[in-house]
Amino acid sequence: MIAAPDRMPIARDFFDRPVLEVAPELLGRTLVRTTPDGPIEVRITEVEAYAGEADPGSHAYRGRTERNASMFGPPGHAYVYFIYGMWFSLNLVCGEEGTASGVLLRAGEVIKGQDLARERRPKARKDRELAQGPARLATALSVDRSLNGTDVCAGPGAPLTVLAGHAVSPDRIRNGPRTGVGGEGATHPWRFWADGDPTVSPYRAHVPRHRGGRAKGGPGKTGRQAGA
């Protein structure tokens, strides 16, 4: 049986492009997480772009490390990292192999496997909150570092797959500063979202902190790197 167009896996050359081209075009695509308990599918509604060594907000700004090595790998793979000692975040690697750029998946609508997502996100009051934010999205999909480097273009049955879905019309795409990014990367308008979608997460500006953990006040010159 031939799959419907929206169920076709996205080809690798989709990701083998500049990250600022890939990021907005991921909106409306379907991310499939295959688990032993069954599949969970999310329609992507919010993303952020990170441009590697050219981007002060990126994990790869200062070059390759053991942690960010997946960002330098082939396009169309997952980069998963642990943040604040509590949560995982899922990124999709873009651009030419040997460079480092990626798209952080910030939010989406769970369109299949809601029961499985609710088991992982029991505190979600409404279905729209199941994957509303990068940590919630990763938790709902049972994503952890074991999926770091996963090929998302491998096709059906892979742990993570991106399907064509229904791309968001360009006239519905909005962009603005990235959430929680400070320093020189704070003003980059590289967060993209589907206008009016209830699953999009609230924007929060970066708040610098003292070493003891208390907030200083307004934005500073340096900050935590919230995305890839």
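Is Phe82 buried or partly exposed? In this predicted model, where local features need pLDDT of at least 70, side-chain atom pairs count only at pLDDT 80 or more, and totals for chains, interfaces and linings use all residues, Phe82 is partly exposed, with a relative accessible area of 39%. Residues are numbered from 1 along each chain as its sequence is written, and side-chain values use heavy atoms, leaving out hydrogens and water. Buried means under 20% relative accessible area, exposed over 50%, and partly exposed in between (1.4 Å probe, protein chains only).

The aromatic pairs come to three, counting rings of Phe, Tyr and Trp (its six-membered ring) with centres within 6.5 Å; planes under 30 degrees apart are stacked, over 60 edge-to-face, and the rest tilted. One of them joins Phe14 and Phe15 edge-to-face, at 5.1 Å centre to centre and 80° between the planes. Phe14 counts as buried because its relative accessibility is 11%, and Phe15 is buried at 0%. Phe82 and Phe88 form a pair with ring centres 4.7 Å apart; their planes lie at 40°, so this pair is tilted. Phe88 is partly exposed, at 23% relative accessible area.

Arg17 lies over Phe14, at 4.8 Å from the ring centre. Arg191 lies over the face of Trp193, at 4.3 Å from the ring centre.

Trp87 lies in strand β4, residues 87–93 (strands are DSSP runs of E, at least two residues, numbered from the N terminus). Trp87 counts as partly exposed because its relative accessibility is 38%.

Note on methods: Helix = DSSP H or I, 4+ residues; strand = E, 2+ residues; numbered from the N terminus. Lys NZ or Arg CZ within 6 Å of the ring centre and 35° of its normal.
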